[in-house]
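Me: I would like to go through this model with you. Could you show it first?

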Amino acid sequence: MDATQVIIRPVVSEKSYVLATVGKYTFRVHPDAHKTQIRQAIESLFDVHVVDVKTASVKSKPKRRGTTSGRTRSWKKAIVQVREGEEIPIFQSLQGIEE
């Protein structure tokens with residue numbers, strides 16, 4: 001699997017912004033990707049050194065619109081901690097908007 005296929009997109013939420021201030025970045029990743037693939041993809045795409053990778057499967061939730069019921073998609077996320085002093089520029093530009 002290619003690095004661009006492993007990392008789908010960054011997760012944009014209040015919690016991910018708080019984690020980004022301490023060097024932990026949250027990404028939506030391919031459901032079949034494992035921690036080693038995620039580490040290699042982040043290091044090659046953003047030119048940083050990864051210290052730790054934590055993964056979680058986000059379960060689907062039931063949703064309704066009128067009489068039609070269904071479920072959202074389940075997906076996988078990864079919280080990646082980079083070496084102290086390094087940062088991923090995508091999240092740094094988003095943090096500048098908040099301030």
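Me: What kind of model is it, and how are residues numbered?
Reply: This is a predicted model, in which local features need pLDDT of at least 70, side-chain atom pairs count only at pLDDT 80 or more, and totals for chains, interfaces and linings use all residues. Residues are numbered from 1 along each chain as its sequence is written, and side-chain values use heavy atoms, with hydrogens and water left out.

Me: In what order do the strands of the sheet run?
Reply: The open sheet has 4 strands in the order β1-β2-β6-β3, with antiparallel pairing. Strands are DSSP runs of E with at least two residues, helices are runs of H or I with at least four, and both are numbered from the N terminus. Two strands pair if DSSP finds at least two bridges between them.

Me: Which strands are at the edges?
Reply: β1 (7–10) and β3 are the edge strands, each pairing on one side only.

Me: How many bridges join β2 and β6?
Reply: These two strands pair in the antiparallel sense over 6 bridges. V29 has K76 in β6 as its bridge partner.

Me: Where does α3 lie?
Reply: α3 lies across β1, β2, β3 and β6, and runs at about 120° to β3. Such angles run from 0 to 180 degrees between N-to-C directions, with axes fitted to C-alpha atoms, for helices over the stretch in contact (heavy atoms within 4.5 Å).

Me: Which residues of α3 are buried?
Reply: Q37, I38, A41, I42 and F46 are the buried ones. Buried means under 20% relative accessible area, exposed over 50%, and partly exposed in between (1.4 Å probe, protein chains only). They lie on the same side of α3, because they cover an arc of only 130° around the axis, taken from the directions from the helix axis to the C-beta atoms.

Me: Now the core: which residues have the most contacts inside it?
Reply: The largest nonpolar core has 20 residues, and I7, Y25, F27, I38, I42, V80 and I88 have the most contacts inside it. α3 gives the largest share, 4 residues. Such a core is a set of buried Ala, Val, Leu, Ile, Met, Phe, Trp, Tyr and Cys residues joined through side-chain atoms within 4.5 Å.

Me: What does I7 touch?
Reply: Leaving out residues up to four places away in sequence, I7 touches F27, R28, V29, I38, A41, I42 and L45.

Me: And T26, buried or exposed?
Reply: T26, in strand β2, is buried, with a relative accessible area of 4%. Beyond four places in sequence, its contacts include P10, L19, K77 and F91.
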